[in-house]
Amino acid sequence: MRAGDRLVIGAVRRNGPWPAVLALTAVAGAAGELAIPYAIGRTVDTLVSGRPDDTPWPALCVCLVVVVMLCESLGVWARGASGAHAVATLRLGVLRHVLGAGPAATRRFPEGELVTRAGLNAEEVGRAPETVISAAALLVPTVGALVALTLIAPVLTLTLGAGIVVILLALRAFLRATTVIAGGYQQVQGEIAARLVDAMDGARTIAAAGTADREARRVLAPLPRLRAHGMDLWRANATAAVHAGLVVPLLEVAVLIAGGFMLAAGQLTVGELYAAARYAVLGAALSTALGHVGGLARARAAAERVADVLALTPVAYGPRTLPPGQGTLEFRDVATGELTVGDLTLPGGTVTAVVGRSGAGKSLLAALAGRLADPERGTVLLDGVPLRELSRGELSRAIGYAFERPVLLGATIAEAIGPGHRQAAVAASADTFVRRLPLGYDTPLREAPMSGGERQRLGLARALARGERLLVLDDATSSLDTVTERQVSRALTTGGRTRLIAAHRLATAARADQVVWLEDGKVRAVGAHHLLWREPGYRAIFQGAAS
């Protein structure tokens, strides 16, 4: 069984009480529809014969119609509630899985793709319970009609059975074709979303360069393919609708012809002939399942895309805590991707600057140190404990991480920084501008106008407030002006915690206790800045940055 089909089945099974409510209303409504032709037929026979009947058939017909209407109304409500519950459950699961997978999720899928799969595709999968149950409920009138026709005249059952086989074959072919086409349609939707998110990230650059028209064409370039898939879906629906739709009148005519001969021979009453004609229509109700089958096809295709996200391996944490220590960080025979670190030690309480040209591997080394990525080979240890074996809470307390473009989380600035926010903000040179805000640290984030440098300072403050043993700073001062950067760097290069800084400025490397020089994905040298400065290649790194 495909992963997408398992996800669809799981959405049905784990949808709480709603599948049962849907099934109950569908079966009860179908049973009422099956009983109506019989009741009307008996009413007709009573009126034609002129003989009174103890059973009030007209009143019973009215009651059955009311039951069917109530079941339909309750079914509409249950379908809405079922879909909302399934979509919410699936989206929450996908969101938790993506966050659990960490940066691996965005390395595997573009951000726009993730949004599409967790949003639109999850919604389509969430409609699967309603679609599956509604389609399955159509079997009730079909089976009931076969049984009723058998009781009236077995020969009529053969006519209906042949038509049902034709309808099932048409639906089977439609499901297969539509699943493939819907998958292509959803893939193109994801491509457009990914391109749109990229464009929104670079909106200011696009506006400054005056390339809005060209960028719009790039984002919408997949539209012809989207249209082609849409037309294929329309053709598949139209073809299947014609094939299945022709069966219903043909079946009704065939039953009426056969029943007419039996009526002339005295083998059927007028009421039984009417009931047989109605049962032929009810038995062919599967022909109306095209909408449900189309929805199931879209859900299956979307489920494959959602299942790809759920196949990401979440970051695993261990049960261990850290022993007493100063934050010594060790790389033992570490290599991953295009970066080979080998053996490297950052003594506790020291400052290590990582330098190198763009693409040398500085950010990847920082990610390994903060366990935003795990090495393919070797082990990274903090105070003698492998990072993989630390619990989530211990890792979060021990390591603070600051980025070039920090994303601030929380309702207020104080919540975004964390415990000890005032002291951390002072160290990051953020206290002055925060206190100038109307509500200070209680200012809601969405109402706090901040420049890129101010946002970066809050990101630094967050790292300082959380990292008890190790601070990992990945280009975290690039948006600061020279004076502020000097103040922040002085705070970052003093104190008791171990610090690893991806450095681009000469002053930061000069203040570090040791420098790790990366070149072409390898550690070229480790040593004091003044010793490495003798190397022309090392000096060229900062001369290139200055230019």
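I call a residue buried under 20% relative accessible area, exposed over 50% and partly exposed in between, using a 1.4 Å probe and protein chains only. The model is predicted, so I kept local features at pLDDT of at least 70 and side-chain atom pairs at pLDDT 80 or more, while totals for chains, interfaces and linings use all residues. Residues are numbered from 1 along each chain as its sequence is written, and side-chain values use heavy atoms, with hydrogens and water left out.

Entry on backbone angles. I looked up Asp 520, which is not a glycine and yet has a positive phi of about 55°; Asp 520 counts as exposed, at 70% relative accessibility. I place Asp 520 in the loop between strand S9 (514-519) and strand S10 (522-527), where strands (E, at least two residues) and helices (H or I, at least four) are DSSP runs numbered from the N terminus. Ser 429, also not a glycine, has a positive phi of about 60°, and I found Ser 429 in the loop between helix H17 (421-427) and helix H18 (431-435). Ser 429 is buried, with a relative accessible area of 16%.

Entry on aromatic rings. I pair rings of Phe, Tyr and Trp (its six-membered ring) if their centres lie within 6.5 Å, and I call planes under 30 degrees apart stacked, over 60 edge-to-face and the rest tilted. By this rule I count five aromatic pairs. Tyr 401 and Phe 403 have ring centres 4.6 Å apart and planes at 20°, so I list the pair as stacked; Tyr 401 is buried at 13% relative accessibility, and Phe 403 is partly exposed at 31%. For Trp 517 and Tyr 538 the centres are 5.5 Å apart and the planes at 70°, so this pair is edge-to-face. That pair links distant parts of the chain, with Trp 517 in strand S9 and Tyr 538 in helix H23 (residues 536-546), 21 residues apart. Both Trp 517 and Tyr 538 are buried, and together with Trp 533 and Phe 542 they form one aromatic cluster.

Entry on a helix pair. I noted that helix H6 (residues 128-137) and helix H13 (residues 290-310) pack at an angle of about 145° with axes 9 Å apart, the axes being lines fitted to C-alpha atoms over the stretch in contact, and angles running from 0 to 180 degrees between N-to-C directions. In contact (heavy atoms within 4.5 Å), Ala 128, Thr 131, Val 132, Ser 134 and Ala 135 of H6 meet His 292, Gly 295, Leu 296 and Ala 299 of H13.
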